[in-house]
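Please consult the sequence and the structure shown below while reading.

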Amino acid sequence: MERRSGSTLPWLVAGGAVAAAWLVWRRMQQPYYPGVALQAGLEMVSRRYRVLAIGPHPGDLELFAGGTLRLLSQNGSAVTMAVLSRGERATNRANIGEIRAREAEQAAAILRAELIQLDLPDGRIRPGPDLERALDDLWIRTRPELVLAFDPKGPVPLGQNPDHLALGAAVLARARSSISRGERIYFYAARHPNVLVDITEVMQEKLNAVKAHRSQLRGPDWAVSLFNRYVCRLHTGRVPAMYAEPFYRLV
Ligand SMILES: [Zn+2]
């Protein structure tokens, strides 16, 4: 009896530590005004807009905003997903750029969005003339009323991908400049969200879109689902939504 309790104690302590870390982390992720954020999310997806969602690499939009994009399109918005690079640095397979472009097509079809695939260099997207030109072109082609881009601060303080931050910084600079036409700007992967979109009814479509990026998935199917469901519950501690995607609305 004593021996058994001795061997279970470390497991109980470890389990308790994990549970405590989860609760603290989850508490830190809640919006300051959760009810207002949820209402703002409902308003975001229930009107019709020309939507331009920009992702640095294939798969980013699906992971961070896939449910929201599907809700927008099924509610009548015209959604364009623009992917800046082909993600060719993901592995050293010769034709990885083509494989990822095909996966991006499948994911866009699941989310009922148009896909624009650009060819900026994966891993070397930086603020500057090339990125500016790409954004100018996207604005001309889609005339967006609502824009989604990566949060310029990133979702966590450390280990950020510079491509992600470059996109966020460029869209932020654009929104502050004289060329802005007052588009609504929402940053996904937001660290301090002020908008929560309840994606519970389209969670399966989001998972399907994420899983379309087969070449990038590690681990079994159930683990991919579990991880994504976990991420979509990080911000829902104080709102009556099972799964949500967080955004920071700039204007
Ligand atoms: Zn990325």
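Along the chain, the donors of the zinc ion follow the spacing H-x2-D-x103-H; donors are N, O and S atoms within 2.8 Å of the metal (3.2 Å for Na, K and Ca), and sites may look incomplete because water is not among the atoms. Aspartate 60 lies in helix H3 and histidine 164 in helix H6, so this pair ties together parts 104 residues apart in sequence. Helices are DSSP runs (H or I) of at least four residues and strands (E) of at least two, numbered from the N terminus.

The model is predicted: local features need pLDDT of at least 70 and side-chain atom pairs pLDDT 80 or more, whereas totals for chains, interfaces and linings use all residues. Residues are numbered from 1 along each chain as its sequence is written, and side-chain values use heavy atoms, without hydrogens and water.

| Aspartate 60 | H3 (residues 60-74) |
| Histidine 164 | H6 (residues 162-176) |

The protein donors, His57 (ND1), Asp60 (OD), Asp60 (OD) and His164 (NE2), lie 2.1 to 2.5 Å from the zinc ion. Aspartate 60 and histidine 164 are both buried, that is, under 20% relative accessible area (1.4 Å probe, protein chains only), with exposed meaning over 50% and partly exposed in between.

Alanine 241 is found in the loop between helix H8 (221-231) and strand E7 (244-249). Alanine 241 counts as buried because its relative accessibility is 8%. Its C-alpha atom is separated by 8.1 Å from that of isoleucine 199, 42 residues apart along the chain. Apart from neighbours within four places in sequence, alanine 241 is in contact with Leu38, Asp198, Thr200 and Thr236, contact meaning heavy atoms within 4.5 Å.
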